Amino acid sequence: SGYYYDQNDSIFLGHTRLSIIDLSKDGNQPMISNSGRYILAYNGEVYNHNSLRKLIDIKFKGHSDTEVLLELIDSQGLNNALELIDGMFAFALFDRKKKKLTIVRDRFGEKPLYWTTINNQGHKTFIFASDLAGIINLIPECPVISPEAKNEFFTYGYIHAPLTIFENIFQLEPGNKLSFNLNYEENFSFEKSCWWDSKKEFFELQKNKF
């Protein structure tokens, strides 16, 4: 396990790692890019990381797919990197240059990603985690069951994103990314966008058949 903390930027990223591809310390997270611009906390697997490694003109420290994903974002930009990677993932990316934090979930939501906001001594705090327990342990009050989510569970057998079983705790929708600027002189506002749409992809495939 490890963490990244910057008091000036008011950001803390923690990570507990299950080592699979690269068992050495070179795969530890949160990971800082070779340029020093980006910090990544990532859960998942990029299946095509070996082929993507060839697109990046740096000397890699280790053999993890985490490092490939991070350096691909640094060299190609986040949006282009998302188009290139094939895998299941949920990750948080901090851009130290733009003071911008972005959380991203994979195309079909194979990896979970939850978030909420709380008021902390007059400041709004953004909290995210790969499971609900990680968020519940950080919020000041016991969460309340969401009636809407409860009805959805008993009707359909599951809870559809962005809802969770608790009020004011959300799951990021599959194929979406959510970001905000950490500059507190600006308004605390989120920017959410869909980077991959399953319906759009389906209709594109159907169109290409004819």
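Trainee: Which charged side chain is nearest to the buried lysine 177, and how should I read that?

Mentor: Start with the terms. Buried means under 20% relative accessible area, exposed over 50%, and partly exposed in between, with a 1.4 Å probe and protein chains only. A salt bridge needs a side-chain nitrogen of Lys or Arg within 4 Å of a carboxyl oxygen of Asp or Glu. For charge, Lys and Arg count as positive and Asp and Glu as negative, while His and the chain ends are not counted. Here, lysine 177 is buried but has no salt bridge: glutamate 191, the nearest side chain of opposite charge, is 5.7 Å away. Bear in mind that this is a predicted model, where local features need pLDDT of at least 70 and side-chain atom pairs count only at pLDDT 80 or more, whereas totals for chains, interfaces and linings use all residues. Residues are numbered from 1 along each chain as its sequence is written, and side-chain values use heavy atoms, leaving out hydrogens and water.

Trainee: Which side chain makes a polar contact with lysine 177?

Mentor: A polar contact is a pair of N or O atoms within 3.5 Å; within protein, one must be able to donate a hydrogen and the other to accept it, and residues adjacent in sequence count only if both atoms are side-chain atoms. The side chain of asparagine 79 joins that of lysine 177 in such a contact, at 3.4 Å. Beyond its neighbours within four places in sequence, lysine 177 is in contact (heavy atoms within 4.5 Å) with residues including Leu78, Ile103 and Trp195.

Trainee: Where does lysine 177 sit in the fold?

Mentor: Strands are DSSP runs of E, at least two residues, and helices runs of H or I, at least four, numbered from the N terminus. Lysine 177 lies in strand β10, residues 176-181. Two strands pair if DSSP finds at least two bridges between them. By that rule, β10 belongs to an open, antiparallel sheet of six strands, ordered β3-β4-β5-β6-β10-β11. Its edge strands, β3 (31-32) and β11 (191-194), each pair on one side only. Five bridges join β10 to the antiparallel strand β6 (residues 100-105), and lysine 100 has asparagine 181 as its bridge partner in β10.

Trainee: How many disulfides are there?

Mentor: A disulfide is a pair of cysteine sulfur atoms within 2.5 Å. A search of the whole structure finds zero. Cysteine 142 counts as exposed because its relative accessibility is 70%, and cysteine 194 is partly exposed, at 44%.
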